[in-house]
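Student: I am new to this structure and would like a close look at a single part of it. Please show it first, and then I will ask about one residue.

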Amino acid sequence: MNTKTSPATLAFEFLRREAENLTPAQYLVKFNQLKLEFADLMELTSLELREEISHAYSLGIH
């Protein structure tokens, strides 16, 4: 059993919960974009991740 969460799994789960109706092509584009973003976030240290969250919060992105 694999207990490590992959960027692809996170992207899929994120899109699965979205209410937005996407065409298959839009879905694939968004999936690949999210997969890259999750991979980048997973590479951050806890301090860097806190800084990213703080920055997003200051921009009004939660």
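Student: Leaving aside its neighbours within four places in sequence, which residues is Lys30 in contact with?

Tutor: Leaving aside neighbours within four places in sequence, Lys30 is in contact with Leu15, Glu20 and Leu22, where contact means heavy atoms within 4.5 Å. This is a predicted model, in which local features need pLDDT of at least 70 and side-chain atom pairs count only at pLDDT 80 or more, while totals for chains, interfaces and linings use all residues. Residues are numbered from 1 along each chain as its sequence is written, and side-chain values use heavy atoms, with hydrogens and water left out.

Lys30 lies in helix α2; helices are DSSP runs of H or I with at least four residues, numbered from the N terminus. Its relative accessible area is 25%, so Lys30 is partly exposed (buried is under 20%, exposed over 50%, partly exposed in between, with a 1.4 Å probe and protein chains only).

Now the two helices. The axes of α1 (residues 7–16) and α2 (residues 24–42) come within 8 Å and cross at roughly 130 degrees. Axes are lines fitted to C-alpha atoms over the stretch in contact, and angles run from 0 to 180 degrees between N-to-C directions. Residues making the contact include Leu15 of α1 and Lys30 and Ala39 of α2.

Ala39 is also in helix α2, and at 26% relative accessibility it counts as partly exposed. Ala39 and Ala8 are 31 residues apart in sequence and 8.5 Å apart in space, C-alpha to C-alpha.

Leu15 also belongs to the largest nonpolar core, whose five residues are Ala11, Leu15, Phe31, Leu34 and Phe38. Such a core is a set of buried Ala, Val, Leu, Ile, Met, Phe, Trp, Tyr and Cys residues joined through side-chain atoms within 4.5 Å. Helix α2 gives the most to this core, with three residues. Leaving aside neighbours within four places in sequence, Ala11 is in contact with Phe31, Leu34, Lys35 and Phe38.
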